[in-house]
Amino acid sequence: TRRMLEALQGTGRIIGLDIDPIESVKTEERLRKAGYGEDVFICHRTNFANIDKVAEEFGKFDFVLADLGVSSMQIDNPERGFSYKQDGPLDLRLNPQIGTPASKCLSELSEDEICGMLVENADEPYAVSLAAAIYKQSHFGKSIDTTTCLKQIIEETVSPILKGEKEEEKKAILKKTCQRVFQAIRIDVNSEFEVLDAFLQKLPFVLNPGGKAAVLTFHSGEDRMVKKAFRAGRGIYYKEVSKDVIRPSARECRENGRARSTKMRWAVAMGGKE
């Protein structure tokens, strides 16, 4: 956001949407201290699925950027429960003031629902075994209240399946499995696919003629939704859409490892100057 504000050089205004009541406050404070007042930057604490309401208040947009990933600040805060690498409460809510934490969600899902969640949200190859273990622990054992507890269940479930694998390969598979399981649960807890669908349906109607939209995704399911929505709207809502996905360069990935899974697609609204 700061780089975008620098590029605008005071000639426009950015409306930043975020439902995180913790990090959005810190971001707003940093930008205010950097000299960006409300005339050029407004922090609107709402879900981006409500972009139509924001457009009603501030007017349509020349450019919309949707960054669908969780932030490094959220991942690095163990109290938020986003990472299996640090011990903390198994929460995973983007807005911890509303909704149900992941620990409680797991205790309310059936084994089949847990399995479906792991498959649909993360294409998890060990979904059946993991769902059985998670269901057994959350319903008949001690509740899965911490990130460490969930990580242990994953490792204890998958490790026996990997008996024939070399140690380094085994570690890599366990790491990927932990990432997928935490991602799948986070997506479910925050209804992320439903929110993205609502945003994509409203997006064409909040852009000015010739306005541009770009969406950064970090999950194949999200990317498929964006690709489908942009292509379906081409010639109706959008005069041009990206033909191919844009990925970060090798240099960017070296400098920022968390950029590796990023994909970007863009679209240009109908109307405006050719």
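A: By class, the lining of the second largest pocket comprises seven nonpolar, two polar and two charged residues. The model under discussion is a predicted one.

Q: How much space lies in the second largest pocket?

A: Rolling a probe the size of a water molecule over the atoms shows where empty space is left. In this structure, the second largest pocket holds about 210 Å³ of space.

Q: Which residues line the second largest pocket, and which element gives the largest share of the lining?

A: The lining consists of D197, L200, Q201, P204, M225, K228, A229, A232, G233, Y237 and Y238. Two elements, α10 (192-202) and α11 (220-233), each give two or more residues to this lining. The largest share, five residues, comes from α11.

Q: Turning to helix packing, at what angle do α7 and α8 pack, and how is that angle to be classed?

A: Helix α7 (residues 127-140) packs with helix α8 (residues 147-158) at about 135°, and their axes are 10 Å apart. The two helices are therefore oblique to each other. The crossing in which α7 passes α8 is right-handed.

Q: Which residues make the contact of α7 with α8, and how do they divide by class?

A: From α7 come S129, L130, A133, I134 and Q137, while α8 contributes L150, I153, I154, T157 and V158. By class, this contact has seven nonpolar, three polar and no charged residues.

Q: How do the axes of α6 and α7 cross?

A: The axes of helix α6 (residues 111-122) and α7 come within 8 Å and cross at roughly 135°. That makes α6 oblique to α7. Here too the handedness can be stated: α6 passes α7 in a right-handed crossing. On the α6 side, E111, I114, C115, L118 and V119 meet A127, V128, L130, A131, A132, I134 and Y135 of α7. The class count for this contact is 11 nonpolar, no polar and one charged.

Q: Are α6 and α9 roughly perpendicular or oblique to each other?

A: Their axes cross at roughly 100° and come within 8 Å, α9 being the helix of residues 167-189. The pair is therefore roughly perpendicular, since that class covers 65 to 115 degrees. The contact joins M117, L118, N121 and A122 of α6 to R180, V181, Q183, A184, I185, I187 and D188 of α9. By class, the contact of α6 with α9 has seven nonpolar, two polar and two charged residues.

Methods: Residues are numbered from 1 along each chain as its sequence is written. This is a predicted model: local features need pLDDT of at least 70, side-chain atom pairs count only at pLDDT 80 or more; totals for chains, interfaces and linings use all residues. Side-chain values use heavy atoms; hydrogens and water are left out. On a 1 Å grid over the protein atoms alone, a cavity is a set of points where a 1.4 Å probe fits but cannot get out, and a pocket is an open set with protein on both sides within 12 Å along at least five of seven lines; lining residues have an atom within 4 Å of a point. Grid points are joined across faces, edges and corners, and a volume is the space filled by probe spheres set on the points. Helices (H or I, at least four residues) and strands (E, at least two) are DSSP runs, numbered from the N terminus. Ala, Val, Leu, Ile, Met, Phe, Trp, Tyr, Cys and Pro count as nonpolar, Asp, Glu, Lys and Arg as charged, and the others, Gly among them, as polar. Axes are lines fitted to C-alpha atoms, for helices over the stretch in contact, and angles run from 0 to 180 degrees between N-to-C directions. Angles under 35 degrees count as roughly parallel, over 145 as roughly antiparallel, 65 to 115 as roughly perpendicular and the rest as oblique. A crossing is left-handed if the near helix is turned anticlockwise from the far one by less than a right angle, and right-handed if clockwise. Contact means heavy atoms within 4.5 Å.
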